[in-house]
Amino acid sequence: MVVLLLACFGAVLVVLAVTTRAQDDLQAAQETQALQNAVQSLKHNIRHDLQDYAKWDDAVRHISKNLDADWVDDNVVAYLGRQQGYEQILVLDARNRAIFEFARNPAEVSEAKIVSDPELLRSAKRVRNMPRTGSPIEAGFSRVNGKLINYAVAAVVPLTSKVTIPANLPSHILILADTVDNGKLAHLNENLRLSDLRLTLGHPNAALRSLALTDTDGSVLGWLQWTPRRPGTDLLRRVAPIIIGLAICSVLAALLILQNGLRAVEAVRQSELRARHHADHDALTGLPNRRALLSRISAQLALGDDPTLLFMDMDGFKDANDVYGHAAGDLLLKEAAARLLLCTQGAFVARAGGDEFAVLLSGDKSHEADTICERIIDAVRLPFSIGHYTVTLGISIGCARGEMLGAEGQDELIRRADVAMYCAKNDGKNCKRIYAPALDEGHLLRMKLESDLRAAIERDELYVHFQPIVSAAHNIMVGVEALVRWRHPEHGDVPPDVFIPIAELSGLINAVGKHVLRHACLSVRETALELAVNISPVQFWDRNLLDDVRDVLQETGFPPERLELEITESLLLRRPDKAAEVISGLRSLGIRIALDDFGTGYASIGYLQRLKLDRIKIDKAFVAPLGNEERACEMILSIVALANAFDAQVTAEGVETESQAQIAKVAGCSRMQGWYFGKPVAAGKLMTLLDPRLISNVA
């Protein structure tokens, strides 16, 4: 019995020792991994902060082509140096000479050491050898003047094709540097909670846990050292006295040790579960991520189930994110995720990436897909409250059923749902579409049209037609509205309502808009006609709009007082204050602003009063009933009175009969346009419609 008890006691001690050692090792490994991730985040954050300022057209203009120190201070230093708190910002010319320097604490940091640091110079050389069309940037650590610095080196390159740098000219370099000291480590350690974390530049203490910090070549620059927590050892210290004191009751001690051992195993298991959860879930919304979605689809297909996938994209999210900021965009995504969970009643909901979500229904619930889609559309249509703003979004849903997938399986199911989703977007958004093989043809056609449109822009194949605008008082042409046209070599004339949405989705709309404005200005420059040009919502919110319009006016020599840009009411809903700022900038060029299709949107009178519009264009839906409906004339009179209150002139659109023209004139419309006065024609045909005496003196 004694031998048996001793054997049991010895076995318990062995189990306890192994368990506690495993706990200590696991804890040490977790702390090391967490610190490695934190160190990587230092490099990632400084790289991320620098990247937007280096790959920027304005940076090329004000740094590479002709250094403007005030611009660098206002645009780069103001945010990165003064707001973000980075200690040093330098600009190196093609010979690696510092032509701009900023240091938060010049007494402690020598910029000259930074400039001459071999590691930074090697990084600068590697960055210059990277393709300029990508993101030539590198981040890492270095030792300068006895201090460890976290740095990022980036080549100043254009973001778009609007600005170029000669290929044989070395890029200017933008450097961002920050000293890594114990103060920075304290901030880094806020979430890690490591014990006595400190930076050692000399030989590390062998008794402490160490993580080497290396430069890009792998040379050790210093060590991060801390005292690792030892939960296993602590446990052993607590239990050992009890085991020794209760040696006679070895069986009881063994049970106690076993109980603690099981707790340790459970802690490890829970830690593993948490790690798996983070790997398969989106950090922002808490939903399963794309990886988990693919795994779930594969599992259901392997079981012989025919799942139904709903793939959806938020309509208007990108614009809201651009206007209100990324923080507001994150709140929108979290709220959208919460609404999806409420609408789907326990179905598998995932965030596929960006503003895309997915709902996976098992085969026995596929019949509920239509109902769930309708609930989702209704839920997302409700306004989102983000701080002081109210944002209205929509959602486009593609539905694909897991039938006849073939060998592709999960990838094919996602592809089908994605095709259906883009079909929903092209059919007006805020709706659902179910995949059918015929949609593939439309999807491929849209992709081909996008490619062809890009080529058409490059080859200058888009052309402009002009619709006459007449003076109501004199019944003569006083202006024209420019309308873009595209004759496809294979498909013939492509309607604007087909290729304009493609241009907006593909990012080509700015090029199309600038092309139309330039050609329209050149076509009517030698006349005295006024020119009206529509501005897409995507163009309106582009930060380069003001510069683009100014450039076209200077290039063509077109008088700005004869140019009128037309915007839609939908622009006013997104951010009235910002819209007023954009309109004010455009009007400062001397051009006029007109509100197009008035009455079809949701602009309030308060918005109209704030925006200072020059003209209101009554939508043809209000003009068409003139002469047939008594209330139609009253509506026109009300709109004219409203416009007069804002000192804005009124144009009636869509006039097709003499009766409509007479009523619009009597109601107070100063100008009219429509098929009654002429259909859109080419510039050459337009000139034949003008009285030669009016070409240089149009009323």
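Throughout this passage, buried means under 20% relative accessible area, exposed means over 50%, and partly exposed lies in between, with a 1.4 Å probe and protein chains only. The structure is a predicted model, in which local features need pLDDT of at least 70 and side-chain atom pairs count only at pLDDT 80 or more, while totals for chains, interfaces and linings use all residues. Residues are numbered from 1 along each chain as its sequence is written, and side-chain values use heavy atoms, with hydrogens and water left out.

Rings of Phe, Tyr and Trp (its six-membered ring) pair if their centres lie within 6.5 Å; planes under 30 degrees apart count as stacked, over 60 as edge-to-face and the rest as tilted. Five aromatic pairs are present in the structure. One of them joins Y53 and W56 in an edge-to-face arrangement, at 5.9 Å centre to centre and with 75° between the planes. Y53 and W56 are both buried. The pair formed by Y676 and F677 is also edge-to-face, because the ring centres are 5.0 Å apart and the planes stand at 80°. Y676 has a relative accessible area of 37% and is therefore partly exposed, whereas F677, at 18%, is buried. Elsewhere, ring pairs connect Y53, W56, W71 and Y79 into a cluster.

The sheets come next. Helices (H or I, at least four residues) and strands (E, at least two) are DSSP runs, numbered from the N terminus, and two strands pair if DSSP finds at least two bridges between them. An open sheet of five strands has the order β2-β1-β5-β4-β3, with antiparallel pairing. Its edge strands, each pairing on one side only, are β2 (98-103) and β3 (137-144). From one strand to the next, the twist averages 20°; axes are lines fitted to C-alpha atoms, for helices over the stretch in contact, and angles run from 0 to 180 degrees between N-to-C directions. Within this sheet, five bridges hold β1 (residues 88-92) and β2 in an antiparallel pairing, and V91 stands opposite F100 in β2.

The loop between β1 and β2 contains N96, whose phi is positive at about 65° although N96 is not a glycine. With a relative accessible area of 25%, N96 is partly exposed. A second case is D647, which has a positive phi of about 60° and is not a glycine either. D647 lies in the loop between α23 (630-645) and β23 (649-652) and, at 70% relative accessibility, counts as exposed. As background for such cases, most residues other than glycine have a negative phi.

Strand β9 (residues 308-315) is largely enclosed by the rest of the structure, because eight of its eight residues are buried. On one pairing, six bridges join β9 to the antiparallel strand β11 (residues 356-361), with T308 opposite L361. On another, β9 runs antiparallel to β14 (residues 394-401) over eight bridges, and F311 faces G398. By contrast, β14 and β15 pair in the parallel sense over three bridges, and I397 has K432 in β15 as its bridge partner.

Finally, a helix pair deserves a look. The axes of α9 (residues 290-302) and α13 (residues 410-426) come within 9 Å and cross at roughly 115°. R290, L294, I297, S298 and L301 in α9 meet Q410, D411, L413 and I414 in α13. By class, this contact has five nonpolar, two polar and two charged residues, where Ala, Val, Leu, Ile, Met, Phe, Trp, Tyr, Cys and Pro count as nonpolar, Asp, Glu, Lys and Arg as charged, and the others, Gly among them, as polar.

Notes:
Contact = heavy atoms within 4.5 Å.
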